Structure formats: structure tokens, C-alpha cells
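Work through the exercises below with the model open. Each task is followed by a stepwise solution.

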Amino acid sequence: MYLPPHDPHVDDPMRFKPLFRIHLMERKCATVECMYGHKGPHNGHIQIVKKDEFSTKCNQTDHHRMSGGRQEEFRTWLREEWGRTLEDIFHEHMQELILMKFIYTSQYDNCLTYRRIYLPPSSPDDLIQPGLFKGTYGSHGLEIVMLSFHGKKAKGTKITGDPNIPAGQQTVEIDLAHPLQLPDIENLRDFSELSRIVLEVQEQVRREEQEREQRQEEEEHSQQAASQPASPLGGEGAEGEETAAGAEGMTQDKASASQPFVLPMGVISRNEDYPRTCRICFYGTGLIAGHGFTSPERTPGVFVLFDDDRFGFIWLELKSFSLYSRIKVSFQNAQAPSREAFDEMLKNIQSLAT
């Protein structure tokens, strides 16, 4: 299992923790050992469910228990997963979230189902190389997000989740057709000024979507009136690609030069060591929800591209900032066989989370 570094150090390397191992024996036999817990390897089981999917089961879960009971297990987990003790955490809300995560993750006792994840395909026109990133999520700690590009949109999909937004959900969506012109550094410190700029673009995006839907309805009505079969959407798609290409050409020029950047006053960041210059910013939306993924909604925000390996997102409604840093682990055989296979995988992991 690859674990993110301790919060909030997003630039630190990933941590490695073995969960099971397989001993290949003679006569095509094998033994499986569970590595979970602190009492050493013990008897486990692996079952191949179907293509690109398998399950593990521990046959001796008593090996996962500690003599000090659940309290000792929680303190050990907190020290290993978060790099801190319970006494270090003063914020009551953060204590509650961490305890929820411990209860949720420890209940499985290494009885898990694994499904293959493809890395996103890349294109020469992509703003940066797509891939996996470590990101700060306030009191939830560090989480893993997959950044992928889809024409005029970029998507950040959660690979690991939390009690509010589960893995598989689209945490951020970036509108590459709507770059943001940030104010000068002094005015940028004023949250109300940034909020005004973002909400103006949000209203513009809303009007464009309404106009696009209205045009589609008018085209459908005219086609029905003419009693002709509906024309394929290739023409409109091509127009969309052209718009995306035009926006991409414009953004590439802007992305080549850096500009000063600072978080507005009142915006909370777990990591104060964020870059003080950025290449370009875009309008985007971020997904927020209550515990248990209740009342989910997409809210406006700002995507900030710092460099080839780091980006950020300002959650306007939460007055919060997430900093993301690229995972530089080399994963073998993780490329998708086709764009369609990758898109299908994204749909599958989102449906599992839902």
C-alpha cells in the first residue's frame, strides 16, 4: 500500500507498507500471508474474482489486535498514519474526523477487494502531464487525486477519500476555456475582490450553458419540422475541439510567464509553504458534501497552476486552499490500453463510490 506523506508535507515522498505476500511453492502451489498488524506475517487468502480484480482475506484477524485494546491500536495508527499523537491535535473537529477514519479503515481487517486503476492518457496539448497528485484536504489530511484532461475540461478524481467525499468522486473540475485574470498582488490579498472575479465568470459560464442548451433545442425542433434524421454531433464536437484548441493556444502563451501569487486574507491553508508565483489560473468547481456524502454540491473555485508538478485550488465557499504535488513513483503496466478504457474505468470507480 502506498501511503501519502504526513500532513501537510505534500512534497515529501510516498510511504510504502506491505499488506500481504505470496510464497510460490513447487507443484504450482502457493501460500498467502497477511502482513497487517504488528505481530508478524500470518495466514491469509487471495481470490481472483474476475479480470483486473482480486480479493484478500485474513484468516487470523486476532493477529491485528493489541494488548492495550482499541485505544492502543488507535494511538499506534495515529502515529504511523499521521505522524503525531492525540495530544498534538487540539481541534475538536479534526479529532472527530480522524477517529471516523480510523473506525472506517480498521473495520476491514485487511479483507479487501482490489481493482486495477489506469493512469490517465496524455496529449501534447495538455496543460501539464496528467497523473497522480498528493493534495491537502484540511482536517482530512493528505489524499490522492488523479488529474486527467478531457478536451476543454480537466478533472481531479479522488483515488483515496474521506468521510465527506469518498474515493471515485470528482473532487475538482477545471474549465480550461475560462482562464482567470488575477488582480495585482495587493488586491489579490482582498478575498472579496477574488470572489467578485470568480462569481462573474461563474455567471458567464451559466449563461453560455443556457445559450448552448437553447441552441440545441432549436436545432432539434428544426430537424423534426423538416422530418429529417438528426445530424450526428460531430460538427458540434468539432466546434468544441476548435474552441478548446484556441483556448489552449492562448493559455499556453500565458502559462509560459509567471506572475506573483499570494492567498487572500482569510483563506485557510494547511501548508503555508505554497509557491509565491504561478503560471496561470482557471475557473473551476469543487465538490463539497456533509458526512456520509450527504447533500453534495459543486461550488466555484480557482485552479492555480504553479509549475509542471504542483497546482492548487481555492475553495471559495469554504475559504480554504488545497495544494497538490505530483507523485513521482514509477508504476509499471499502468497505462490504459485506450482512451475509452480509461474513461470506462473512471465511470466504474465513481459508480462504486456512489
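**Exercise 1. Describe the interface between domain 1 and domain 2.**

Solution. Step 1: about 1,800 Å² is buried between domain 1 and domain 2, and carbon and sulfur atoms give 65% of that area. Buried area is the accessible area (1.4 Å probe) lost by two parts on being put together, summed over both. The model is predicted: local features need pLDDT of at least 70 and side-chain atom pairs count only at pLDDT 80 or more, while totals for chains, interfaces and linings use all residues. Residues are numbered from 1 along each chain as its sequence is written, and side-chain values use heavy atoms, with hydrogens and water left out.

Step 1: The domain assignment, automatic or from a database, gives domain 1 as 2–115 and domain 2 as 131–192 + 256–352. Their C-alpha centres lie 27 Å apart.

Step 2: list the contacts. With contact meaning heavy atoms within 4.5 Å, 20 residues of domain 1 touch 22 residues of domain 2. Two salt bridges (a side-chain nitrogen of Lys or Arg within 4 Å of a carboxyl oxygen of Asp or Glu) are counted between the domains. There are also five residue pairs in polar contact, both residues at pLDDT 80 or more. A polar contact is a pair of N or O atoms within 3.5 Å; within protein, one must be able to donate a hydrogen and the other to accept it, and residues adjacent in sequence count only if both atoms are side-chain atoms. On the domain 1 side, helix α2 (residues 92–106) gives the most, with six residues.

**Exercise 2. Which residues touch the most other members of the largest nonpolar core?**

Solution. Step 1: apply the definition. A nonpolar core is a set of buried Ala, Val, Leu, Ile, Met, Phe, Trp, Tyr and Cys residues joined through side-chain atoms within 4.5 Å. Buried means under 20% relative accessible area, exposed over 50%, partly exposed in between (1.4 Å probe, protein chains only).

Step 1: the core has 26 residues, and L180, F261, V302, I314 and F321 touch the most other members. The largest share, six residues, comes from α4.

Step 2: look at F261. Leaving out residues up to four places away in sequence, F261 touches residues including L182, I185, Y274 and V304.

**Exercise 3. Is T294 buried or partly exposed?**

Solution. Step 1: the relative accessible area of T294 is 41%, so T294 is partly exposed.

Step 1: the side chain of T294 reaches the backbone oxygen of H291 at 3.1 Å.

Note on methods:
Helices (H or I, at least four residues) and strands (E, at least two) are DSSP runs, numbered from the N terminus.
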